[in-house]
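Visitor: I'm new to this one. Could you walk me through it?

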Amino acid sequence: TIHGVSVRYSVTDQLPQGTNASAHWLGGHCLIRVRPGAVTSLILAHELGHCLDAGHSRRFGQAGCVWRDYACDPAEGYADTYARLYFERFGFRLDVLRWPGQPEASEQPPLPDEVFPEMVRELQSRLAAQH
């Protein structure tokens, strides 16, 4: 359970062509499916962002366009921004995402309401400065 949401992971090739991961609500939990070889903190955090969205993306507009064209969709922009905030804090770590087989982490991923459209440009600048 992450921020009150039951999250389950599945590694599978059974995803649409061109898709590395997806998040869907099934029977009271959010199922994150990911292709073998695509298990990265950025991809998993993006999908977790979808699980935690709960309407947060409605206020996002097209703020995510700064990341990539696909993120102009408010839900994708929110998830991309959530993933980048996660990456800024935890880098490549999977334990904070509660990935199976990882040691238990004491830290929590970002809260859903920590991601908002006005932060996108600032977060983009901070991440660019790290590289």
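Guide: Happy to. Helices (H or I, at least four residues) and strands (E, at least two) are DSSP runs, numbered from the N terminus. By that rule the chain has 3 helices and 3 strands, in the order β-β-β-α-α-α. This is a predicted model, where local features need pLDDT of at least 70, side-chain atom pairs count only at pLDDT 80 or more, and totals for chains, interfaces and linings use all residues. Residues are numbered from 1 along each chain as its sequence is written, and side-chain values use heavy atoms, without hydrogens and water.

Visitor: What makes a set of grid points a pocket?

Guide: On a 1 Å grid over the protein atoms alone, a pocket is an open set with protein on both sides within 12 Å along at least five of seven lines; lining residues have an atom within 4 Å of a point. The largest pocket has 15 such residues, and Ala-21, His-46, Glu-47, Arg-68 and Tyr-70 lie nearest its centre. Two or more lining residues come from each of α1 (41-52) and α2 (74-90). The largest share, 5 residues, is from α1.

Visitor: How do you know whether the chain's radius of gyration agrees with a compact globule?

Guide: The radius is taken over C-alpha atoms, and the globule rule is 2.2 Å times the number of residues to the power 0.38. For 131 residues a compact globule would be near 14 Å; the chain has 14 Å, so the two agree.

Visitor: What share of the residues is called buried?

Guide: Buried means under 20% relative accessible area (1.4 Å probe, protein chains only), and 47% of the 131 residues are buried.

Technical notes. 1 Å grid on protein atoms, 1.4 Å probe; cavity = no way out; pocket = protein on both sides within 12 Å on 5 of 7 lines; lining within 4 Å. Buried < 20%, exposed > 50% of the residue type's maximum accessible area, 1.4 Å probe, protein only.
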